[in-house]
Amino acid sequence: MIEDLATTIYPPAVILAAAVVAFFAPRIVGFAVGALSLLWVIVVAWFAPVGTSVSATFLGFSVQPFLVDEYTRFVALGLGFLGLFAVIYAYSSESPRAQLAIALTYVGSTIAAVFAGDWLVLVFAWELMAITSTVLVWQYGGDAVRAGYRYAIAHGIGGSLLLFAVIAHYAAAESFVFGEGVGYDGVITGGISSAFGGLPMILAVLGIGVNVAFVGFHTWLPDTYPRPHFAASVFLAAFTTKTSAYVLLRAVPEGNLYLAYMGGLMAVYGVVFALLQHDMRALLSYHIQAQLGYMVAGIGIGTAIGAAGAMGHLFNNVLYKSLLFMAVGVVIYRTGENDLYELGGLWREMPITAIAFAIGALSITAVPGFSGFISKGMILDAADPGYHGAPEYQALYWLLFIGAIGTFLSFIKLGYYVFLHGPSERSVLDSKPGQSVSMLSVGGACVVLGLPFLGWPYFTDLLPLVDGVEIPTAGIDLDPYSPGHLQDALVLIVVSVVGFKLIRKPLSKIDYPDPAFAFAPATFYVGRWSMLAVTELYAAVDRAVVGLVVGCYWIGNNPVLAAERVVRNVPGVSVTQNGARPTDGGAPSRLYLRATIGLTVLYVTVILTLVLVLVLYG
């Protein structure tokens with residue numbers, strides 16, 4: 001019975017209906033319906049059989065708006081679980097009904113992109129996701145409005161590039177529907193690059209790269225996510241970037257060396273600028289880029305363990321990154337402070353929030369016993385030639401390892417200055433019941449999925465490409481708690497703790513801006529000047545054409561006066577005779593015209609026609 005319902009009731013439609021209810025119904029009813037709509041996503045992801053699909057015709061094309069495979073199932077399960085508790089968190093955080101309605105519309109468009117079985121439906125959902133997330137940012141007002149405009153421009157460019165790639169894909173494959181079956185090492189086919197390479201694949205990667213915050217395309221992320229309502233940041237942190245990483249795997253299923261190294265650069269770049277941040281949500285935003293770097297690296301490596309690690313890290317990042325935004329949001333809610341250096345000692349005042357933050361921090365830093373340790377370890381193994389990686393990924397392995405050290409340093413810094421440093425100078429309350437339930441539920445998942453001998457084998461069972469503790473197509477045994485992995489984790493912890501002690505004071509005095517933000521004003525002024533150049537050129541041409549037409553019309557109505565003005569400008573020639581006044585168009589003409597007006601117009605037309613013919617065919 002449940003399976004039948006799960007295959008017939010479209011999850012995005014349920015969420016969008018809940019958004020309408022949330023906008024008009026009493027607040028508690030709207031939030032309850034919103035939470036149930038996200039619970040339905042979990043039910044569908046869990047019970048709908050793999051291989052379920054719904055086909056239709058849209059705009060004359062065959063499409064699959066609903067497809068359940070191992071990938072859609074896994075990603076939808078994580079997003080549905082987090083979305084459920086994000087709604088509960090938002091209710092307890094006093095989010096208005098309008099904000100929830102917009103957030104649910106955003107979540108619905110994201111879930112539509114996840115369940116899409118073809119590129120056409122995915123592009124429609126992708127663009128709707130960009131629009132609704134922009135409105136979610138704008139809803140808060142203030143500084144979020146201008147940031148939202150920059151956000152919209154960035155995602156508009158990325159969506160346009162992806163659309164061009166999809167059109168070119170259709171021209172080559174004559175179908176928008178994803179490929180069926182599995183390719184080598186269990187990696188999905190049907191991507192943009194599997195049909196052909198070249199420019200369309202580059203366009204697709206760049207378009208998706210805007211959403212996954214490639215280095216140079218990332219400024220919208222730390223610029224936007226710290227500005228809206230803190231409950232809205234929880235939704236934003238989970239949905240756009242993680243869905244985009246999943247779509248990147250769809251587009252480039254066989255991997256790419258350059259893509260893998262872009263992931264390594266993202267991991268390092270993100271942690272460097274996270275370490276320099278004063279704003280707590282800006283720090284977390286840079287770490288979204290850094291953690292996406294691990295996913296991009298795993299996808300770029302292209303092996304079974306690399307792709308599985310990327311999807312596992314996507315799932316874990318949905319949980320612990322949103323958990324960290326929740327904990328920081330409670331701190332902002334209770335203290336009204338965004339600057340981490342203005343806080344301290346809050347663990348005594350806010351023990352539940354401190355515990356939730358600690359779980360999220362230990363998960364994102366890949367400490368053994370937490371979920372991030374499993375997925376990040378798989379990606380590092382995929383890059384390490386000592387395990388499963390190829391020699392060309394040796395430098396990538398060290399980039400990812402450096403990124404792991406920077407991640408540890410960042411969260412030692414954030415936890416130290418917010419919760420541990422000195423006595424608290426504020427008397428504040430801890431999280432509200434709904435906030436506590438949400439944080440501890442998401443945090444509990446981070447713990448359970450990383451437990452040795454208990455949780456992590458079940459987690460790997462859920463992973464696409466992985467069956468239990470073995471990847472049969474690649475013959476790889478997964479053992480995250482091997483002595484080698486535990487030794488690497490111990491080295492990481494020791495280096496990070498000692499490193500923070502050495503750099504803590506100098507780091508607090510550094511305020512170096514991200515140089516990539518120079519692109520924002522540069523793009524603004526280049527765009528403004530380009531627009532002015534184009535519009536002024538158009539205006540000049542328009543004035544010239546209009547002036548020519550008006551002049552010809554005047555000459556046709558005043559031929560005598562026109563001829564007289566021409567003759568007047570000839571040196572030594574006078575148009576007056578015997579003291580007569582110049583003609584003014586009303587007095588009789590003193591000049592004799594040898595042709596009628598109609599004949600003159602005919603001559604001019606013939607001459608202009610001949611000139612045009614000579615120009616075109618001469």
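**Reading salt bridges, a cavity and a surface patch**

Author: In this predicted model, a salt bridge joins the side chains of D223 and R150, at 2.7 Å from N to O. D223 belongs to helix 10 (residues 220-224) and R150 to helix 7 (residues 143-173), so the pair ties together parts that are 73 residues apart in sequence.

Reader: How many salt bridges does the count give?

Author: Side chains of opposite charge can pair when their charged atoms come close. Here the count comes to 4 salt bridges. One of them lies between the side chains of D69 and R250, at 2.7 Å from N to O. This pair links distant parts of the chain, 181 residues apart: D69 is in the loop between strand 2 (61-67) and helix 4 (70-92), and R250 is in helix 12 (residues 240-251). Both D69 and R250 are buried.

Reader: What separates the closest N and O atoms of E94 and K432, and where do the two residues lie?

Author: Their closest N and O atoms are 3.6 Å apart, and the two residues form a salt bridge. E94 lies in the loop between helix 4 and helix 5 (97-115), and K432 in the loop between helix 18 and helix 19 (433-448), so the pair ties together parts that are 338 residues apart in sequence. K432 counts as partly exposed because its relative accessibility is 24%.

Reader: How many cavities of 30 Å³ or more does a search of the whole structure find?

Author: Rolling a probe the size of a water molecule over the atoms shows where empty space is left. In this structure the search finds 1 cavity of 30 Å³ or more. The volume of the largest cavity is about 190 Å³. It is lined by 15 residues, of which F373, G377, L380, D488 and A489 are the closest to its centre.

Reader: Which helix gives the most to that lining, and what kinds of residue form it?

Author: Helix 17 gives the most, with 5 residues. Helix 17 (371-383), helix 18 (394-420) and helix 21 (483-508) each supply at least two residues. The lining divides into 9 nonpolar, 2 polar and 4 charged residues.

Reader: Which residues form the nonpolar patch on the surface?

Author: The patch consists of M1, I2, L5, I9, W46, F47 and L462, with about 650 Å² of accessible area together. Helix 1 (2-8) and helix 3 (27-47) each supply at least two of its residues. F47, in helix 3, counts as partly exposed because its relative accessibility is 34%.

Methods. Residues numbered from 1 in each chain as written. Predicted model: local features only at pLDDT ≥ 70, side-chain atom pairs only at ≥ 80, totals over all residues. Heavy atoms only, no water. Patch = residues over 30% accessible without salt bridge, like charges linked within 9 Å, V, L, I, M, F, W, Y side chains within 5 Å. Areas by Shrake-Rupley, 256 points an atom, 1.4 Å probe, with all protein chains shown as cover. Helix = DSSP H or I, 4+ residues; strand = E, 2+ residues; numbered from the N terminus. Buried < 20%, exposed > 50% of the residue type's maximum accessible area, 1.4 Å probe, protein only. 1 Å grid on protein atoms, 1.4 Å probe; cavity = no way out; pocket = protein on both sides within 12 Å on 5 of 7 lines; lining within 4 Å. Points joined across faces, edges and corners; volume = space filled by probe spheres on them. Nonpolar A, V, L, I, M, F, W, Y, C, P; charged D, E, K, R; others polar.
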